Amino acid sequence: MTVCSKCIINDNYPGLTFNSKGECSICSSQKAFKPLGEDKLKEIFKNAVAKNCSYDALVPLSGGKDSTYILYLAAKVYKLKVLAMTYDNGFLSKTALENINRAIEITGVKHVFCKADAEVQKKVYRNMLLKSGDICGACDIATISHILKVAMDSKVPLILYGTSPLEEDSFIPDSIQDISRFKYILKDVKDLTKKEKDDYIILKNRNEWSLFLQKKLGKIGLEVRPLFYIDNPSDKEMGEIIMREMGWQEDSCKDFTKHFDCIAEPFTNYVRYKIYGYERHICQYSNMIRRNEITREKAIEMYNADCIEEKPSNYNEILHILNVTEAEMESVLRLKPLQFENHTSKMNKIFISFVKLKQKLHNK
Ligand SMILES: [Zn+2]
């Protein structure tokens with residue numbers, strides 16, 4: 001196994017290459033973040049407010065750090081009329097739920113919960129896990145569909161995502177979410193009807209082309225990532241701001257990476273480690289090294305203390321929820337990684353080729 005000489009990521013991470021200094025392609029392609037400018041962001045907000053709709057912006061809220069910070073910016077700093085929404089993926093943690101409730105109470109914004117049919121949701125996760133070893137992809141597809149559906153139904157001109165330019169690529173590159181792949185994996189599944197699968201996706205005819213067109217025609221609110229426009233506080237400072245202003249709290253259980261809003265996260269991370277040989281703690285610490293928040297030595301020390309090879313404390317609880325046996329799990333942990341990688345839509349294939357070409361040109 002080759003490990004990057006600068007961060008701690010290894011060559012099990014799909015698509016990673018190393019230069020002559022032993023630095024990984026993520027480290028060597030890292031550029032200093034330059035915000036697009038607060039003036040541009042204010043202009044976008046001004047245009048949305050001028051539309052005089054019931055709401056200026058939709059904020060998807062998971063109760064985690066980034067989305068709570070976006071709600072703080074939208075409601076308290078930029079004083080927008082906000083509609084907040086949460087997609088309950090069936091694994092929402094108690095801490096996240098409490099964070100959501102406090103944030104809504106403090107800001108006084110309107111908030112809606114969206115839920116899939118619990119039984120269908122479980123069947124989707126169970127089948128996705130048994131066949132591909134991944135449930136995060138299916139969750140992400142439903143989350144995005146619900147966000148777009150709420151934005152369309154409530155005619156909200158803006159959707160504000162918490163995606164951060166400093167975020168580690170821990171869910172990428174193998175899980176670029178794709179409806180075609182989702183449908184392909186579940187095509188022969190006996191216990192899910194076509195209607196159940198369509199209902200789970202919500203926007204059943206959703207494909208990248210139709211979404212692109214609807215966005216261009218203004219049928220879907222403009223999707224904006226505010227953290228790409230402004231100088232951001234560090235991760236630590238961001239936490240301090242929302243603790244003070246939004247009553248936000250962090251879950252300190254060591255099983256979790258950043259995504260403590262989902263109780264299945266340590267489980268999915270463990271499965272990822274077993275199947276791929278890398279997981280999100282490595283990505284997260286590597287990113288902290290690149291941002292000069294910790295030294296490489298400190299990252300190795302923290303990573304060793306995480307005991308990634310041990311099952312997380314709620315492992316059996318998650319198996320029980322998913323109705324998966326230990327024996328079935330043994331087969332899951334032996335699955336080959338990336339076996340459905342080619343079953344993606346044309347749009348995603350073009351997108352992936354573009355990213356690869358960009359990386360290749362950069363590394364020359
Ligand atoms: Zn690296």
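Q: Which residues have the most contacts inside the largest nonpolar core?
A: They are Ala 57, Leu 58, Val 59, Leu 71, Ala 74, Val 82 and Ala 138, in a core of 69 residues. A nonpolar core is a set of buried Ala, Val, Leu, Ile, Met, Phe, Trp, Tyr and Cys residues joined through C-beta atoms within 7 Å. The model is predicted, so local features need pLDDT of at least 70 and side-chain atom pairs count only at pLDDT 80 or more, while totals for chains, interfaces and linings use all residues. Residues are numbered from 1 along each chain as its sequence is written.

Q: Which helix gives the largest share of this core, and which domains does the core draw on?
A: Helix α6 (residues 136-153) gives the largest share, 10 residues. At least three residues come from each of domain 1 (38-228) and domain 2 (252-356). Apart from this core lies another, of 15 residues, among them Cys 7, Ile 9, Cys 24 and Cys 27.

Q: What does Ala 57 touch?
A: Leaving out residues up to four places away in sequence, Ala 57 touches Ala 48, Ala 74, Leu 80, Val 82, Val 156, Leu 158 and Leu 160. Contact is counted when C-beta atoms, placed from the backbone, lie within 7 Å.

Q: Why is helix α12 called largely enclosed?
A: Buried means that 20 or more other C-beta atoms lie within 10 Å of a residue's own (12 or fewer is exposed, in between is partly exposed). In α12 (residues 280-290), 9 of the 11 residues are buried, so the helix is largely enclosed by the rest of the structure. Arg 280, His 281 and Tyr 285 are among the buried residues. The buried residues pack against α11 (265-276) and α13 (296-305).

Q: What makes α3 roughly parallel to α4?
A: The axes of α3 (residues 65-77) and α4 (residues 94-107) come within 11 Å and cross at roughly 5 degrees. Angles under 35 degrees count as roughly parallel, over 145 as roughly antiparallel, 65 to 115 as roughly perpendicular and the rest as oblique. The crossing angle therefore makes α3 roughly parallel to α4. Thr 68, Leu 71, Ala 75 and Lys 76 in α3 meet Asn 99, Ala 103 and Thr 107 in α4.

Q: How many residues does each domain give to the contact between domain 1 and domain 2?
A: Domain 1 gives 33 residues and domain 2 gives 32. The centres of the two domains, taken over C-alpha atoms, are 21 Å apart. On the side of domain 1 that touches domain 2, α5 gives the largest share, 6 residues.

Technical notes. Helices (H or I, at least four residues) and strands (E, at least two) are DSSP runs, numbered from the N terminus. Domain bounds come from an automatic or database domain assignment. Two residues are in contact if their C-beta atoms, placed from the backbone, lie within 7 Å. Axes are lines fitted to C-alpha atoms, for helices over the stretch in contact, and angles run from 0 to 180 degrees between N-to-C directions.
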